[in-house]
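Take a walk through this structure, one element at a time. Keep the view open and follow the residue names as they come up.

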Amino acid sequence: MTNVIELQNVSYRYDKEQVLTDINLEIPKGSFLGIVGPNGSGKSTMLKLILGLLKPKNGEVFLFGEPLAKFKAWEKIGYVSQKANSFNTGFPATVYEVVASGLTKKTGLFKMIGRKSRPQIERAIHAVGMEDFMTRNIGELSGGQQQRVFIARAIVSDPDVLILDEPTVGVDVKNVQTFYNMLDRLNKELGITLLLVTHDTGTISNKVTHVACLNNTLHFHGSAEDFDQVKDDELSLFYGHDVHSLHHDHDHGHEVTP
Amino acid sequence: MIEAIFQYQFLQNAFLAGLLIGVIAPLLGAFIVVRRLSLIADALSHVTLSGIAASLLLSKTFVAFNGLNPLWLGMGFSVAGSLFIERLRNVYKHYQELAIPIILSGGIGIGVIFISLADGFNTDLFSYLFGSVSAVSRSDLYLIIGIAVVVIALVTILYKELFLLSFDEEFSKASGLQTGALHLIFMVITALVIAGSMRIVGILLVSSLMTLPVAAAMRVARGFKQTIILSVVFGEIAVIAGLFSAFYLDLAPGGTIVVSSILILLTSIAFKKWQTMRK
């Protein structure tokens, strides 16, 4: 089994608005895929479909080779959302408690996250370099630090895939590079497959192995090197004009393997 | 009062019931506050009022209902109200707070109709509204013990799930938790705590014991577990101080417990100020 995530002819619409049309995408194990696209291109919707938060109107999503409806091993998938709209900043929880909560599903119902999990939790906090803040309340940290804590929460259960939705929103420019270096380490050293959604095309292409350009349909999907070559044309096409000329790319694009 | 507690059964009842709700109200309150549901607890307590009024009316009109403890119907109304709130919150997805005034006024409105049908009640109703040191019966106490056992067991068993749901609902959905079922269980527990607490603090002041100790704890605590433990400690102090002063000064305990909670809250705010100023 080489594909961690696979989308087959997936379409989605909110009421009358078609957001995604016929998406075919295969994400091989160990890759670092950057998904880029303008606002409203359906990036977040696609992640929600992969996470099972939304159901596709057409097509099917496969996780680890299983159809999503049958998939149960959610602890294999770590998720880091756009910080701003998800969590409650005033929440009185320490960094340790937040990271520990990432073990909820894996620990199972009616069991507690006890002392046995402590080394595992501390390892995850170490991996994101937040060990000095373990007992601090999450609300006292900066946006970048909070985002690192959320990554730790996502990786504490040893997932095979980490899905990140615009994780650098609200993180200052200086820390963005450090942040990507950390992701790179997770990908290379821990072998975690990464799926990163962003509109920041500049930074991602030197870290990611694959790129997918999304604007309601998949315009490009291939290796990062190929993306660098077509980048300029692609990006100008992206924000307007003629998008049809590249349609064939997505038919063949998803067959590109590393 | 210590001596009197050993002497009089009604004081034992009040005191033991007070100690129990001093644990369960802040325990659940910690989750209610962080989930921004404080006002929902208030709305539910008003629904409990209509249940109490209905029960008092029934026992006044029908002899068969004479022995019925009003807490049972109060609890029933409260649980039904919690389920109804959830329906309303789904109907008005973008105006979820609308459920609060609907339920709150509905609860009071129905309660008032029952009260006027019965040509007004005696002091009994007053004790339900503002709590009472002398009105807690043995059967009330047993019911409160039962509620406390259920609530503490459920919150302990589901702690990590409730924590995750409260902290980050989207993430808990993405990690495959049954958030809908969990939330429903949470609302039913809330309804139980409200029904159990009102004998001591009174319907109108129930939500104070769920929110004020938590508000005080949040100023000084580090982390969520500490917030819960401190909330329970503050809740117990407020209940004990409130019951003692209510007994000696012949006041409604609801009032004295709330005033004690507010004093604790002010102290903790002042303490935090002093602490940051020293840094």
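This is a predicted model: local features need pLDDT of at least 70, side-chain atom pairs count only at pLDDT 80 or more; totals for chains, interfaces and linings use all residues.

Helix 4 (residues 70-91) of chain B packs against helix 5 (residues 99-117) of chain B. Their angle is about 145 degrees, and their axes lie 9 Å apart. The crossing of helix 4 of chain B and helix 5 of chain B is right-handed. Helix 4 of chain B brings G81(B), F84(B), I85(B), L88(B) and R89(B) to the contact. Helix 5 of chain B answers with A99(B), I102(B), I103(B) and G107(B).

Now turn to where the chains meet. Chain A puts 23 residues into the contact and chain B puts in 22 residues. On the side of chain A that touches chain B, two or more residues come from each of helix 3 (95-100) and helix 4 (104-107) of chain A. Helix 4 of chain A gives the most, with three residues. This side of chain A divides into 12 nonpolar, nine polar and two charged residues.

Next comes a sheet in chain A. Six strands form an open sheet, in the order 6-7-8-3-9-10, with mixed pairing. Strand 6 (77-80) and strand 10 (217-223) of chain A each have a single partner strand, so they stand at the edges and one side of each has no neighbour in the sheet. On average, with direction ignored, neighbouring strands of this sheet are turned by 15 degrees against each other.

Strand 9 (residues 210-215) of chain A pairs with strand 10 of chain A in the antiparallel sense, over six bridges. There, L214(A) stands opposite L218(A) in strand 10 of chain A.

Helix 1 (residues 43-50) of chain A touches strand 3 (32-36), strand 7 (161-165), strand 8 (193-198) and strand 9 of chain A. The direction of helix 1 of chain A makes about 150 degrees with that of strand 7 of chain A. Helix 6 (residues 143-155) of chain A touches strand 6 and strand 7 of chain A. The direction of helix 6 of chain A makes about 165 degrees with that of strand 6 of chain A.

Now check the backbone angles. Most residues other than glycine have a negative phi. N216(A) has a positive phi near 70 degrees, though it is not a glycine. N216(A) sits in the loop between strand 9 and strand 10 of chain A. Is N216(A) buried or exposed? N216(A) counts as buried, because it has 20 C-beta neighbours inside 10 Å. D15(A), also not a glycine, has a positive phi of about 45 degrees. D15(A) lies in the loop between strand 1 (3-14) and strand 2 (17-28) of chain A. D15(A) has 4 C-beta neighbours inside 10 Å and so counts as exposed.

The largest nonpolar core holds 158 residues. Which of them touch the most other members? They are V99(A), A152(A), I163(A) and L28(B). Helix 2 (residues 9-34) of chain B supplies the largest share of this core, 15 residues. Take I163(A) as an example. Neighbours within four places in sequence aside, I163(A) is in contact with L47(A), I50(A), L51(A), I77(A), G78(A), Y79(A) and L195(A).

Notes:
Residues are numbered from 1 along each chain as its sequence is written. Chains are lettered from A and ligands numbered from 1 in the order in which they are written. Axes are lines fitted to C-alpha atoms, for helices over the stretch in contact, and angles run from 0 to 180 degrees between N-to-C directions. Helices (H or I, at least four residues) and strands (E, at least two) are DSSP runs, numbered from the N terminus. A crossing is left-handed if the near helix is turned anticlockwise from the far one by less than a right angle, and right-handed if clockwise. Two residues are in contact if their C-beta atoms, placed from the backbone, lie within 7 Å. Ala, Val, Leu, Ile, Met, Phe, Trp, Tyr, Cys and Pro count as nonpolar, Asp, Glu, Lys and Arg as charged, and the others, Gly among them, as polar. Two strands pair if DSSP finds at least two bridges between them. A residue is buried if 20 or more other C-beta atoms lie within 10 Å of its own, exposed if 12 or fewer, and partly exposed in between; C-beta atoms are placed from the backbone. A nonpolar core is a set of buried Ala, Val, Leu, Ile, Met, Phe, Trp, Tyr and Cys residues joined through C-beta atoms within 7 Å.
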